[in-house]
Amino acid sequence: MKCLKCLQRAYYNNFCRKHFMEQIESRVKREIREKGMINKDDVLVVNDPIIKFFVKKAVSGMPLKFAKSPGKNKDAKIVMLWTLDDEVLSFMTDLFGEETPAEGKIPNPEIRIIKPLRVVKEGELMAYAKLARIGFRKKKRSKREEEIKKAIEKIDEKHLETKFSLLKSIEEMKGLEKD
Ligand SMILES: [Zn+2]
């Protein structure tokens, strides 16, 4: 299999290493920009090296402060390691009337949570982390969540854009709730 862009050997998503990394980075960059997630002089609470890596890459040159916890700073934003799989899974488990896992809940409603990696699939993030040599732990999930995830995975394999169209529907529904 060759890269769709340069005919080098494909690594992931039918792209070579370089073009695969570019694909993921530009997706995250676009998400941060379109949602206005990060602004100059923001204090970002980051606990995962991969999140820090992506944020720095996406907003290169922008002055930011990184912290391990929000402390008393009410303007701090928590940058959560939350992939497209988490987004779809949390939507599906909600739909089936199941508990949202604790880490998906907002610890303090005053503190803003941003999820710049929600446009990246877990598998893509793992493949990226491997290339960039950044540590990335796969999330622990309940048996039920694993079952639902497997079912989504199967559909996504056949129809590559399934997770993305689900994300679009989730956003549309969330938009309706607000009105
Ligand atoms: Zn390429």
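## Basis of the model

Residues are numbered from 1 along each chain as its sequence is written. The model is predicted, with local features needing pLDDT of at least 70 and side-chain atom pairs counting only at pLDDT 80 or more, while totals for chains, interfaces and linings use all residues.

## Helix 1 against helix 4

Helix 1 (residues 17-34) and helix 4 (residues 122-132) have axes that come within 11 Å and cross at roughly 125°; helices are DSSP runs of H or I with at least four residues, and axes are lines fitted to C-alpha atoms over the stretch in contact, with angles from 0 to 180 degrees between N-to-C directions. Helix 1 is therefore oblique to helix 4, oblique being what remains once angles under 35 degrees (roughly parallel), over 145 (roughly antiparallel) and 65 to 115 (roughly perpendicular) are set aside.

On the helix 1 side, Arg 17, Met 21 and Ile 24 meet Glu 124, Tyr 128 and Leu 131 of helix 4, contact requiring C-beta atoms, placed from the backbone, within 7 Å.

## Helix 1 against helix 2

With helix 2 (residues 49-58), helix 1 packs at an angle of about 75°, the axes being 9 Å apart, which means that helix 1 is roughly perpendicular to helix 2. Here Glu 25, Val 28, Lys 29 and Ile 32 of helix 1 meet Phe 54, Lys 57 and Ala 58 of helix 2.

## Around Val 55

Beyond its neighbours within four places in sequence, Val 55 is in contact with Ile 38, Leu 44, Val 46, Val 79 and Pro 116.

Methods
Helix = DSSP H or I, 4+ residues; strand = E, 2+ residues; numbered from the N terminus. Contact = placed C-beta atoms within 7 Å.
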